[in-house]
Structure formats: C-alpha cells, structure tokens
Amino acid sequence: MKTTLVGFPRIGKNRELKTLLDSYFKNRIDGTRLIQEAAALEEVQLQALSQQLDVIPCADFSLYDGMLDMLYLFGCIPPRFKDIPQYAGSLAHRDLETRLGLYFAMARGSEVQGKAIYPLEMKKWFTTNYHYLVPELSLELSWELETSFLEAHIERARRLHCPFKVHLIGPLTFLYLSKILEGPPDKYLDTLVIQYQRLFRFLQQKGVEWVQLEEPILVTDLCHEDVKRFQYLYKTILFTKGTLKVLLQTYFGDIRDVWSEVCQQPFDAVGLDFVAGTKNKELIQTEGFPKNTILVAGCIDGRNIWRANLEELIPFIQDLQSKMKNEIWLSSSCSLLHVPYTVEGERKLPPELKRRLAFAWEKVGELEHLKTAVREARGHLSVSEKAHSSSSLPPSTFVDFSLTPRPIPRHERYWLQQKRLSLPILPTTTIGSFPQDEDLRRLRKQYRQGKIDENTYEDRIRQRIRALVVLQEELGLDVLVHGEYERNDMVEYFAEYLEGFYTTEEGWVQSYGSRVTKPPIIYGDIHRTHPITVPWISYAQSLTQKPMKAILTGPITIINWSFVREDLALSTVAFQLAEALRAEISELQEKGIPIIQVDEAALREKLPLRRGEWEGYINLAVAAFRRATESVRPDVQLHTHMCYSEFGSLVYAIEAFDVDVITIEAARSHFGLLSSFREYGKDHPIGPGVYDIHSPLVPSVAELEKRIRRMLEYIPPDMLWINPDCGLKTRGMEETVAALNNMVQATQRVRQTLC
Ligand SMILES: [Zn+2]
C-alpha cells in the first residue's frame with residue numbers, strides 16, 4: 001500500500017508564487033529570476049512531500065495553469081499569438097524570456113503596435129472556482145512538442161530520489177474542454193494520439209516510470225460516441241506505452257458511463273474519487289475491476305477542509321482490500337489545489353475548530369495515518385489518531401421552509417414599481433462594485449489592524465460613497481449604487497458579519513494564475529445579529545433623489561464560495577442563510593430603499609456535472625433565493641445578477657426566481673446567450689452586459705450603440721436594461737468613468753431613435 005496525491009496547491013505556502021508572478025507581470029523581475037525562484041519553491045515543496053508520501057507529484061507545480069501547460073507542451077499555439085513577430089516559428093531553442101513571453105501572452109493577452117491581442121478564454125474547472133485557460137483548436141494548427149519546462153520539472157523531482165509520477169491532462173478532457181473552432185471533434189483524434197505517443201516516447205527516454213493522465217471529463221454524462229472516442233484514443237496511445245506505467249486519474253464523480261471500457265484498457269493504475277463518486281464502490285462490486293491494475297483510492301476529500309473521518313475510512317479501505325486483492329494506493333479525491341495550504345498559519349481560529357480542520361498539508365498527514373492504521377490492520381484507532389478524526393459540529397436548529405409565491409404577479413408589480421421609480425426607457429445601471437484602489441485596501445487593512453479607529457474608517461468610506469453618488473449623477477446613470485467600498489470580497493464580507501462563519505487569515509486558494517480567494521468556513525448555525533449593509537446603503541440613498549439599488553450576495557453564492565459544514569443537509573445551511581438575508585432585506589426596504597439586488601453570481605458554477613442531478617440543485621437554489629426575498633414588497637424592485645454565461649438550458653430555472661429584473665454577463669461571451677433569452681426577454685426585464693469588465697479596453701460610443709441595437713433584435717425596448725457585464729471592482733477608475741460615460745451616451749442615442 002502506498003500514498004500519493006492527485007495534485008497539490010502551487011501558489012506557495014505564503015503565496016510566494018503569486019508574489020513572484022505579480023512582480024514579473026509588473027516587470028520588476030525578469031523571466032530568468034521568475035523561473036529560478038519558482039523552481040526553488042517547487043523543490044522545497046517536493047522535498048517536504050517526499051518526506052510524507054510514497055509517490056510524489058511531478059509537473060503539477062504549474063506557473064499559471066495546467067491546461068495552458070498542456071497546450072504549450074504540444075505547441076498548438078493559436079495563430080494570433082504565433083503571428084506576434086517575436087513568437088513566430090519554432091519554439092525549440094528559443095531563449096527563456098521568449099518562451100515565457102509567449103506562455104504568458106496566451107494567459108493574459110498582449111499588445112502589438114497598439115493593437116490588443118486577446119488572451120485565451122478562461123473557464124471554470126468543472127464545478128470549482130478554479131479557472132483554466134481554454135485551448136483553441138483549428139485544423140491548420142501546427143503541433144510541435146516543446147518539452148523544456150516539463151523536462152525541468154522531471155529533473156527537479158528526480159533529484160529527490162523518491163518515486164514520482166508526471167501529471168498531465170488526458171486527451172479526452174483536453175479535447176472536450178478546448179474550444180473547437182473548425183471541424184468536428186473527431187478530426188483531432190489522430191493528432192492527439194500522435195502528440196501523446198510522442199510525449200510517451202519522450203518520457204520513456206527520460207526514464208520516467210509513472211505518468212498520470214487526468215480525465216475528469218469521464219465523470220460527466222457520456223454518450224456512445226464519447227465512449228467510442230475514449231476507446232479509440234486510449235487503445236492507440238497505450239499501444240506505445242512500452243515500459244511507461246500509466247495511471248488514469250478520474251475525479252469529481254463516478255465513471256459509470258465508461259467503466260467497462262476503462263477495465264478493458266491496459267492501464268497500470270486507475271484513480272477513482274470515492275468522496276464525490278460514491279457510486280464508484282458499487283461499480284467495483286457489480287462490474288468488477290481488472291486484476292493486475294492498481295486502484296488509486298481517492299478517499300481524502302480534496303474539496304472541503306474538514307478532517308477525514310478515519311474511523312469510517314479504515315474499514316472502507318480494509319473492505320476494498322479484502323474483496324479486491326489489488327494493490328491499493330491511498331490518495332486525495334481530487335487535487336488539493338482547491339483547499340488552502342495549512343491550518344498552521346491560523347492564529348485566530350478557536351482551538352476546537354482548528355482541531356477539526358485539515359488543509360492540504362494536514363490532508364497529506366491523514367494519508368500517512370490512514371496507511372499505517374490499515375496496514376497494521378487495527379480494528380480501532382490509537383488515541384493520537386483518534387484526536388485527528390472528526391467529531392460532530394455544534395448542534396443545529398431545524399429551519400422550516402415552505403415556498404410561498406409573491407402575492408402580486410410580476411406584470412402588476414411592474415406598474416407599481418414604474419410609478420415609484422419613474423425610470424426612462426432603457427434604464428442604465430451598474431452591477432454594484434466600483435474600482436477598489438491601493439488606498440482603499442490600505443484603509444481597510446489599517447482598520448483591521450487597529451491602526452485607525454472605527455469613526456475615521458467609516459468617515460473615509462462615507463467620503464467615497466459621497467463622491468461616487470456625485471459621479472454617477474454626473475454620468476447620468478438612472479439607478480445608482482453605493483459602490484461596495486466596505487467589502488473586501490462579496491462573500492467574505494457577509495461571512496465576517498454573520499454568526500456561524502469563520503474567516504481565515506491565510507486560507508488562500510488559487511482562483512486563476514496569480515489570483516487567489518479566501519473562502520470562509522461555515523462552522524455553526526448561521527444568524528444575523530445586526531445590520532450588515534443597511535447603514536452604508538441608506539447613507540447613499542440619503543444623498544440623492546435617484547433610486548439607490550442595494551446589493552446583497554445570495555445564499556447559493558455564499559455557499560458555493562465557502563467551505564460548508566457536512567453534518568447538515570445543504571438545504572438547512574441554505575435556509576439559515578436565506579433567513580439572515582431576509583432580515584437584512586426587510587430592514588433595507590424599511591429604510592426606503594426602492595431596489596434590491598441579490599447576486600447569485602455562482603449559481604452556474606456548481607450546477608451538477610450530470611443532468612439528472614440538476615433539478616435537485618436548482619430547486620434548492622430557487623427555494624433559498626425565494627425564502628431570502630419573500631418579504632420584498634411589490635413596489636420594491638427585486639433584481640438578481642448572474643455571471644459566467646452559458647445559461648442555455650438554465651433559463652427555465654431563472655423564471656422561478658421570480659425577480660423583476662435580471663442583469664447577466666453577456667459581452668464576454670460575445671452575446672451568445674441572447675438567443676436563449678429571446679423567449680424570457682419578451683416579458684421579463686433583462687440587462688445583458690454591454691461590455692466586458694475583465695478588460696481595460698474602453699468600448700466606443702459607436703460600438704456600444706451597435707451592441708444595444710443588436711440586443712434590441714432579441715429583447716423589446718421596454719424590457720431592456722443597460723449595464724456592464726459585472727462589478728467594476730478590479731478596474732481602474734479612469735477607464736471605468738470613460739466606459740460608463742460612453743455607455744450612457746450610447747443609450748441616449750438609441751433612446752432618441754426609439755421615442
Ligand atoms: Zn458578476
């Protein structure tokens with residue numbers, strides 16, 4: 001029995017890699033220094049892992065993203081990057097700065113003679129908040145293996161004299177997550193086979209023993225055609241594996257649709273997720289598992305931060321062992337990339353909570369414990385091991401939940417709200433947050449550290465709100481916001497004010513590249529003991545005659561971007577949160593706030609990977625949202641905001657939220673979602689974002705006018721709202737003012753032709 005991992009975080013225990021990357025992006029250090037220091041970090045990490053694990057990860061320590069690493073390795077560089085003069089031609093033998101330049105140009109975009117070269121698209125990695133870069137496949141791409149970075153990873157791992165496996169994304173997942181610009185997917189199968197075969201040859205030459213091919217796509221619904229592709233790819237690739245041992249690593253669910261094909265292929269090991277894929281165990285029992293294949297048992301949860309229940313895991317593994325007789329490696333359920341580094345750095349958490357937490361390093365320790373306990377075949381745990389297993393969370397109160405429809409139907413509410421708000425046609429607004437600069441972050445930090453007192457802090461925030469109200473009035477926006485200046489983050493801020501949550505000091509998790517987030521921990525029952533946003537928003541409303549829109553984060557988004565407790569049904573947690581938000585909303589409307597927006601930005605993200613599980617998730621999301629917003633009066637306009645497009649078949653669910661207005665990300669995906677909202681938009685007010693907030697580019701009045709007119713082809717004028725894609729928090733003030741100014745002017749031009 002051995003221990004290993006599907007993957008480990010790579011931003012650095014103290015975010016060192018993040019800091020290095022940011023310095024490189026700001027040209028404070030060059031590529032050589034970046035690579036040297038990143039390699040040193042990787043070495044320290046591998047060294048520590050090699051003390052604890054039997055087989056360590058290699059090539060998992062990506063500088064930016066694993067999918068980007070794969071496409072760089074294959075040299076399938078999209079033409080717009082290849083056309084940049086310094087990156088043209090073959091990559092082999094290019095100097096380090098050039099190779100890195102190209103790698104990061106694909107991740108972050110570039111500029112050539114004043115013309116923007118757009119980066120690769122970013123998408124969420126399955127149901128996580130981690131974003132990968134989307135390869136773009138076209139038939140004329142030239143593929144050329146560029147192994148220099150991979151080779152360096154292998155050398156670093158080899159120096160430790162510890163068995164390692166090289167981590168790569170498998171061909172089916174690579175293909176299915178790519179954006180295919182031309183031809184059917186089958187056109188790329190042979191190219192992929194050739195690339196993976198070349199790669200295998202390279203690994204053999206380097207004397208590599210194990211390669212891990214990650215295929216999370218296998219846990220989604222697969223049809224006959226998909227299974228055939230899987231068969232074809234692996235049959236031909238594995239044919240040339242020679243002495244190389246191949247681990248097929250799956251995670252995020254079970255692989256029911258492809259089980260028998262997996263069993264028929266000559267894999268040396270198969271990795272299964274026993275946490276999210278509980279059905280995997282049943283499949284082993286009913287369908288069998290190939291005799292001489294190692295089972296990599298993913299039993300330590302890579303998606304949550306609670307200590308494993310070793311008392312349950314030990315008999316589970318023992319049972320597998322006695323039934324299967326296969327060699328078993330103990331592993332994480334998926335990469336530990338989705339949890340923070342270590343609990344060690346948390347000085348403020350109560351000890352009884354801290355004891356119950358396992359971040360990445362602690363999970364590595366759990367694997368070791370589990371192995372020892374299983375190997376020694378002890379029926380029960382020793383005292384020290386017991387101290388590490390989980391105990392139950394604080395008791396919970398039952399929350400009664402029943403869905404009541406809003407008393408007045410939407411079209412009647414519409415007139416009541418129109419009367420109160422008297423908005424023009426094509427109302428203009430923003431999604432809530434405004435740019436947060438260094439000054440503001442410093443102010444919040446000083447307040448947190450007790451360097452300035454509450455009065456000074458609040459005064460300064462109020463100054464910002466005041467200036468923003470004036471600015472929005474000058475710009476001519478119709479519905480104003482207070483700017484969300486008091487919030488570090490749309491979820492963490494609420495977590496800090498609600499009972500039942502803890503926020504961490506150092507619990508950073510990579511979101512993409514050098515961007516990190518700090519998800520709060522839901523620990524006890526959630527209660528609201530005092531107002532959260534009410535004072536700021538009512539202050540903002542007191543400064544203007546125009547309607548102020550209050551912005552709150554919705555229950556499903558708070559849950560999806562937190563670590564949740566597992567002793568309670570998710571629905572109970574969701575309803576506790578809904579109750580808390582409901583109280584906040586009641587107070588806001590009592591203070592005379594005429595519009596309330598409840599953001600469900602992360603709704604799309606955790607939509608289950610299998611279609612059959614959608615309904616339960618959507619029902620819960622709708623129920624929690626409705627519970628939170630149930631008391632909104634008919635003359636108060638209820639908005640929601642959602643991002644990460646690709647709503648297609650979700651539109652039916654959005655109807656059930658029963659909101660008055662929805663604003664939705666649309667520009668980033670080039671308005672592809674407009675057609676799916678054509679039906680909905682007939683009689684539901686909707687604001688598809690007119691410009692992408694992820695880019696500093698300021699769209700011109702003419703361009704924005706064109707986009708608004710295009711939207712009017714799908715949505716009638718009295719249903720259309722005009723707003724950006726999402727919040728403006730990460731943008732600069734200057735570009736924001738310019739873009740919003742153009743947005744208002746473009747709207748005015750269109751209005752003139754409508755009246
Ligand atoms: Zn958004």
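Q: Which residue in β20 is the bridge partner of leucine 552?
A: Start with the general idea. Strands of a sheet pair through backbone hydrogen bonds, either parallel or antiparallel. In this predicted model, the partner of leucine 552 in β20 is valine 598. The pair belongs to a set of five bridges that join strand β19 (residues 549–553) to β20, and these two strands run parallel.

Q: In which sense do β20 and β21 pair, parallel or antiparallel?
A: β20 and β21 (residues 637–642) pair in the parallel sense, over five bridges.

Q: How many residues of β20 are buried?
A: Five of the five residues of β20 (595–599) are buried, and the strand is mostly covered.

Q: Which residues of β20 lie on each side?
A: In a regular strand the side chains alternate between the two faces of the sheet. In β20, Ile595, Gln597 and Asp599 are on one side, while Ile596 and Val598 are on the other. These residues are all buried, and both faces of the strand are covered.

Q: Which residues does UniProt list under "binding site"?
A: The unreviewed UniProt entry lists Ile431, Gly432, Ser433 and Asp599 under that heading. They are spread over 169 residues of sequence, yet they cluster in space, with a largest C-alpha distance of 11.7 Å. One of them, Asp599, is also one of the buried residues of β20.

Q: Where does glycine 432 lie, and is this residue buried or exposed?
A: A residue counts as buried if 20 or more other C-beta atoms lie within 10 Å of its own. Glycine 432 has 25 such atoms within 10 Å, so this residue is buried. It sits in the loop between α16 (410–421) and α17 (438–448). Leaving aside neighbours within four places in sequence, glycine 432 is in contact with Val481, Glu484, Ile551, Gln597 and Gly727. Among them, Gln597 is a residue of β20.

Q: What does serine 433 touch?
A: Serine 433 is found in the loop between α16 and α17 as well. It has 21 other C-beta atoms within 10 Å and is therefore buried. Not counting residues up to four places away in sequence, serine 433 touches Gly483, Glu484, Gly727, Leu728 and Lys729.

Q: What is the strand order in the open sheet of eight strands?
A: The order is β1-β14-β13-β12-β11-β10-β8-β2, with parallel pairing. β1 (2–3) and β2 (56–58) each have a single partner strand and stand at the edges, so one side of each is left without a neighbour in the sheet. Helix α12 (residues 310–324) packs on the sheet and touches β13 (294–300) and β14 (328–332). The direction of α12 makes about 165° with that of β13. Elsewhere in the order, five bridges join β8 (residues 164–169) to β10 (residues 210–214), and histidine 167 has glutamine 212 of β10 as its bridge partner.

Q: Why does the radius of gyration agree with a compact globule?
A: A compact globule of 755 residues would have a radius of gyration near 27 Å, and the chain has 27 Å, so the two agree. The C-alpha atoms fill a box of roughly 75 × 65 × 55 Å along the principal axes. Of the residues in the chain, 46% count as buried. The secondary structure comes to 27 helices and 23 strands.

Notes:
Residues numbered from 1 in each chain as written. Predicted model: local features only at pLDDT ≥ 70, side-chain atom pairs only at ≥ 80, totals over all residues. Helix = DSSP H or I, 4+ residues; strand = E, 2+ residues; numbered from the N terminus. Rg over C-alpha atoms; globule rule 2.2 N^0.38 Å. Buried ≥ 20, exposed ≤ 12 C-beta atoms within 10 Å, placed from the backbone. Pairing = 2+ DSSP bridges. Contact = placed C-beta atoms within 7 Å. Axes fitted to C-alpha atoms, helices over the stretch in contact; angles between N-to-C directions. UniProt positions renumbered as here; feature names shortened; annotations may be inferred.
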